[in-house]
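Hi,

Here is the structure I promised to pass on. Have a look at it first, and then read my notes below.

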Amino acid sequence: MEAKSIEDVRELATEDIMSPWKLAWRRLKKNKLAMLGLYILAIMVLLSVVGPLVSPYTMEQMDLSNIQSPPSLAHPMGTDEVGRDVMTRLFYAGRISLSVGLFAVVISVVIGSVLGGIAGYYGGFIDSLIMRIVDIFMSFPFLPLLITIAAVMSDWKVPPQYRMFVVMILIGILSWPGLARIVRGQILSLREQEFMQAAEALGIRDRRKIFRHLLPNTYASIIVSATLDLGSAILTESSLSFLGLGVTPPTPSWGQMVQVARDLYTLQMQPWLWIPPGICIFLTVMAINLFGDGLRDALDPRLKR
Amino acid sequence: MADDLLAIHDLRTYFYTEDGLVKAVDGVSFKIKKGEVLGVVGESGCGKSITAMSILKLIDPPGKIISGDVIFEGINLIELKEDDIRKIRGASISVIFQEPMTSLNPVFTIGDQIGEAIMLHQDLDKVNARKKAIEMLKTVGIPRADEVVDEYPHELSGGMRQRAMIAMAISCNPKLLIADEPTTALDVTIQAQILELMRNLKNDLGSSVMLITHDLGVVAEMADYVIVMYAGKIVEEAEVVELFKNAKHPYTIGLLQSKPVIMRDEDRLNSIPGQVPNPLHMPSGCYFHPRCSHAMDICRESQPELKEVCEGHKAACWLYEGVI
Ligand SMILES: Nc1ncnc2c1ncn2[C@@H]1O[C@H](COP(=O)(O)OP(=O)(O)O)[C@@H](O)[C@H]1O
Ligand code: SF4
Ligand SMILES: [Mg+2]
């Protein structure tokens, strides 16, 4: 074999080179704040998923003989105005808040990366068109639109469980432009790389070039941006629900549970009703941001190689 | 002619840049016979790569193929629709690029990348494409092929990557292999190995090769016929032995003289005095005249045509006007 030379020696030396993802994970593990974020997030997810299963109460189960009671052994976070267990509702609310955030982000990632990919790959007129749509979305008055839609939904008596989906979709549709910009910028420079010329010389179709060859090269930034977006999506859902425009009772979400604090009496006298969901929102969003920042540092291409 | 695989006639590829018109390829004609290795030499920027990419219509705006015929097996590729020429790319004509570091996609395994062309042009499914990819890796002399197939490009050395590129390029038994400076980015020992590999593969497959390089050493080793390009035009062409023994054009002579013996990776071609002309402001007459020690009045005024100067040997230079 003629290859038995410097090549083979080099092969041995390169054998323990790690994949970029492993490398990033290693860097991430060293970042204490990011790992703290990851742990808090994991605990929140775990509580939301497992909590309702192990709780002796159900979400709607009312105990009219035991309303508005402060925390006790039977109800560690007390009960609300119709005697429902606050802790159980908090677990359920976590499910709702986290999944609204997650689906909103999934929607935004799908729209953002597809449109960003197409804009960056084709450039020219298509790019200008998509980027003007991005501009429009970015300068759109978000809140008035949501208030209007919420009002329309109340008018049409949309059932609460469907309103949740509307909120998800709305947040998703309104938050893709940032991601589209990031993806477009990266594709714009990636498509000039020699490996794309090589792909073209193999006779590969445009669609495959965009979605199989180019987009995977942007996964790192998509993941970072999606993580940080998850935090703001959860926050948006909370604010909307707090204002009564998002998830509505009897479906609980963290923001919707905090809503009771709008009543001065509850605010002062029944802190067990609004402090726990408030802390949940704060901890979750902070954890996501810590983790997202850590992820960004770990995946930063400027630190790579 | 029956034994011509590819015949290019009067190819012109221009770039309409913001600063003005760049005639990257300006009226180039040549042929490649079946099984032949055509060497294309010239300093960087003289239009070698653009000529090669024009064959497969891989020219992106602001570039445009203005005119010319590229007859490949009797079909004019220039007239083909995008969908049809795509079936030729990577199948009957494939390309090896200069930079093995950057011409493989960093997020795909070697096997996936080789398999891509195989699945596309040979109608094999994933499992069989993978088998074929391993087979191709073995063919190009990659040790531990069944492990390398699952590795990412960054896990391989430059030489191994270039072998993988070659495996990808020959995986569909191309009739024409375009190698654009395939060894320029590699160190000398690896260069020799890759050239050796290409020569063996070429003999086994019976493919023709268009070998682009600025290294006359590589041309001497590999090519049957050589064309020398300068500023988008062919200035001299002949069979390899004839060209090296009996170079006519002052530019070719300059290239031959500037070929150093020891420092193989120096910027050797710059030892011709002066610089490649600015493509936006080409000199009048013979494009080479500002750098030519034989320049005459006529050289500044009008452009010499590529003409036969002795049997089977053409040059575009006023010095040889009227010799035949
Ligand atoms: N995308 C482009 N835009 C403008 N000019 C270009 C572009 N690509 C190549 N050119 C011009 O075409 C000429 C030939 O380039 P090329 O074929 O790559 O040279 P080489 O012989 O080094 O391969 C160069 O002078 C360059 O200025
Ligand atoms: S035509 Fe004149 S300037 Fe051009 S190469 Fe020949 S002698 Fe030199
Ligand atoms: Mg080139």
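**Inside the model**

Sorted by class, the residues lining the largest cavity are 11 nonpolar, 3 polar and no charged ones. Please keep in mind that this is a predicted model. The volume of that largest cavity is about 90 Å³. Its lining is made up of 14 residues, and those closest to the centre are B:Pro250, B:Cys286, B:Cys292, B:Cys299 and B:Cys317. In total, the count comes to 5 cavities of 30 Å³ or more.

The second largest cavity has a volume of about 70 Å³. Its lining draws on chain A, including A:Phe195, A:Ala198 and A:His213, and on chain B, including B:Ser103, B:Phe108 and B:Met168. Helix H8 of chain A gives the largest share of this lining, with 3 residues. By class you'll find 8 nonpolar, 4 polar and no charged residues there.

**An open pocket**

Next, the pockets. The second largest pocket has a volume of about 860 Å³, and 28 residues line it. If you want to find its centre, go to A:Gln197, A:Glu200, B:Leu58, B:Ile59 and B:Asp60, which lie nearest to it. Which helices supply at least two residues each to this lining? In chain A they are H4 (86-122), H8 (194-201) and H9 (206-214), and in chain B they are H1 (48-55) and H2 (82-88). H8 of chain A turns up again here, with the largest share of the pocket lining at 4 residues. By class, the lining of this pocket has 12 nonpolar, 4 polar and 12 charged residues.

**Around the ligand**

Ligand 1 has 13 residues around it, and B:Gly45, B:Gly47, B:Lys48, B:Ser49 and B:Ile50 come nearest. Three of these are worth a click for their polar atoms. A polar backbone atom of B:Gly47 is 3.1 Å from an oxygen atom of the ligand. For B:Ser49 it is an N or O atom in the side chain, 2.6 Å from an oxygen atom of ligand 1. With B:Ile50 we are back to the backbone, where an N or O atom lies 2.8 Å from a ligand oxygen.

**Two residues to look at**

Is B:Ser208 buried or exposed? B:Ser208 counts as buried, because its relative accessibility is 1%, under the 20% cut-off. You'll find B:Ser208 in strand S8 of chain B, which covers residues 208-213. A polar atom of its side chain lies 2.9 Å from the backbone oxygen of B:Lys33. B:Lys33 is also among the residues B:Ser208 touches, leaving out those up to four places away in sequence; others include B:Leu5, B:Ile32, B:Gly35, B:Lys175 and B:Leu177.

The other residue is A:Leu28, in helix H2 of chain A (residues 20-30). A:Leu28 has a relative accessibility of 4%, so it counts as buried too. Which residue lies 267 places from A:Leu28 in sequence, but 6.4 Å from it in space, C-alpha to C-alpha? That is A:Leu295. A:Leu295 is also in contact with A:Leu28, as are A:Phe291, A:Gly294 and A:Ala298. Still setting aside neighbours within four places in sequence, A:Leu28 has contacts with A:Ala34 and A:Met35 as well.

Happy browsing!

Definitions and conventions
Residues are numbered from 1 along each chain as its sequence is written. Chains are lettered from A and ligands numbered from 1 in the order in which they are written. This is a predicted model: local features need pLDDT of at least 70, side-chain atom pairs count only at pLDDT 80 or more; totals for chains, interfaces and linings use all residues. Side-chain values use heavy atoms; hydrogens and water are left out. On a 1 Å grid over the protein atoms alone, a cavity is a set of points where a 1.4 Å probe fits but cannot get out, and a pocket is an open set with protein on both sides within 12 Å along at least five of seven lines; lining residues have an atom within 4 Å of a point. Grid points are joined across faces, edges and corners, and a volume is the space filled by probe spheres set on the points. Ala, Val, Leu, Ile, Met, Phe, Trp, Tyr, Cys and Pro count as nonpolar, Asp, Glu, Lys and Arg as charged, and the others, Gly among them, as polar. Buried means under 20% relative accessible area, exposed over 50%, partly exposed in between (1.4 Å probe, protein chains only). A polar contact is a pair of N or O atoms within 3.5 Å; within protein, one must be able to donate a hydrogen and the other to accept it, and residues adjacent in sequence count only if both atoms are side-chain atoms. Contact means heavy atoms within 4.5 Å. A residue is near a molecule or strand if one of its heavy atoms lies within 4 Å of it.
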